[in-house]
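Here's a quick tour of a protein model, written for someone who would rather look than compute. Have the sequence and the structure open as you read.

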Amino acid sequence: MPAGGGAEQAPDSTAGALLASAIAAIGRSPAIDHWQPSLARWDAEQLLSEAVGRPVTAALKRSKLTAPERRRFEAMVARRVAGEPIARIAGYLEFRGMRLLVRNGVFVPRVSSELLAEEAIARLRRRRGQRAGVDVATGSGPLALAMAKDVPDAEVWGLDISREAIRLCRENARRAGIHNAHFRVSDMLDALPSRLRGSIDVFTIHPPYVARSEIRILPREIRDFEPYDTLTDGSEDGLELVRRLAADAVTWLRPGGTMLVEIGTYLSRKTQATLRHAGLADVSWTKDALGVTRVVSGRRPR
Ligand SMILES: C[S@@+](CC[C@H](N)C(=O)[O-])C[C@H]1O[C@@H](n2cnc3c(N)ncnc32)[C@H](O)[C@@H]1O
């Protein structure tokens, strides 16, 4: 099949044989960051399942695909081999039980952000009475929507500087039937209603934290498929938006409220120092099961 590089297939190949060929082609792609050996298999199975519209089972692997199914699968694999993210090929991502639309020009959400969502939801649930959560740099809205869905009596805001992102957030909210999340085009907190000053329970941010000088060494699957402004804030250390939010958080959070930052492991210490420097207390971090994503947290002193 043409999927990224010359794997040959007999016309009567089973789905299993096509799958094996796709795994090999994806595994060889220089556009993809192969940081885990099982990723190529996971990607190929996802695409096969999308192409045929059912889960990948042993029975499916033994069967032959119809000609349209095979064409669909091969076209999807070729796109993945060129680096296109799986969620963009599928057009959606499953995030905490919601099917979020994914679109060109807006950052593709990562399942790894579920850790940040869990941390934020836990903090909101602990709070009695009125609760408010704000997701800054919200992209397609995964964190704001997760907070709003799991804490339905919370007032949730999602802010992003990108118009396309906010349009997509509203569409995702409508499709998920979520009515307690509000989305605004906003440079950081500029569009947040001033009545919320001093009463926010949780800020979340998954910022564009790649240092400007490191953009060129990112794998093509990221560099060529995500808008530049969603990857870097243009600063030398990638922490400019974190500094800006931390400086404002001390007045916008209620006393005891929390700022949560999703950040790469290599920036964890520097992020903690940034939060402390801004006057936040009880600064700490958690990491996900893979040890890849860290969430750094700090609280406004009471
Ligand atoms: C890494 S993406 C994260 C998106 C989303 N939180 C997610 O996890 O899928 C960073 C986001 O920051 C937004 N952004 C960049 N500069 C901003 C600013 N000054 N104010 C608000 N949002 C900004 C970008 O448009 C982009 O959507």
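Let's say two residues are in contact if their C-beta atoms, placed from the backbone, lie within 7 Å. Residue numbers start from 1 along each chain as its sequence is written. The model is predicted, and local features need pLDDT of at least 70, side-chain atom pairs count only at pLDDT 80 or more, while totals for chains, interfaces and linings use all residues.

**Two domains.** The protein splits into domain 1 (15-83) and domain 2 (105-299), with bounds that come from an automatic or database domain assignment. Their centres, taken over C-alpha atoms, are 33 Å apart. Four residues from domain 1 and five residues from domain 2 make the contact.

**The core.** Call a residue buried if 20 or more other C-beta atoms lie within 10 Å of its own. A nonpolar core is then a set of buried Ala, Val, Leu, Ile, Met, Phe, Trp, Tyr and Cys residues joined through C-beta atoms within 7 Å. The largest one here has 81 residues, and M147, F203 and M259 have the most contacts inside it. Its largest share, seven residues, comes from α1. Both domain 1 and domain 2 give residues to this core, so it lies between them.

| Residue | In contact with (C-beta atoms within 7 Å) |
|---|---|
| F203 | V134, V136, L245, A249, L253, M259, L260 |
| G298 | M259, L275, L280, A281, D282, V283 |

G298 sits in strand β9 (residues 293-299); strands are DSSP runs (E, at least two residues) and helices are too (H or I, at least four residues), numbered from the N terminus. G298 is buried, with 27 other C-beta atoms within 10 Å. Between the C-alpha atoms of G298 and L60, 238 residues apart along the chain, the separation is 49 Å.

**Helix α2.** How far should the 14 residues of α2 (residues 39-52) span? The expected span is 1.5 Å times one less than the number of residues. That gives 20 Å, and the end C-alpha atoms of α2 are 20 Å apart, which agrees. Its buried residues are A40, D43, A44, L47, L48 and A51. Seen down the axis of α2, these fall within an arc of 130 degrees, so they line one face of the helix; the arc is that of the directions from the helix axis to the C-beta atoms. Their cover includes α1 (15-28), α4 (67-81) and α5 (86-90). After α2 comes G53, with a positive phi near 75 degrees.

Conventions: Buried ≥ 20, exposed ≤ 12 C-beta atoms within 10 Å, placed from the backbone. Lists of a residue's contacts leave out its neighbours within four places in sequence.
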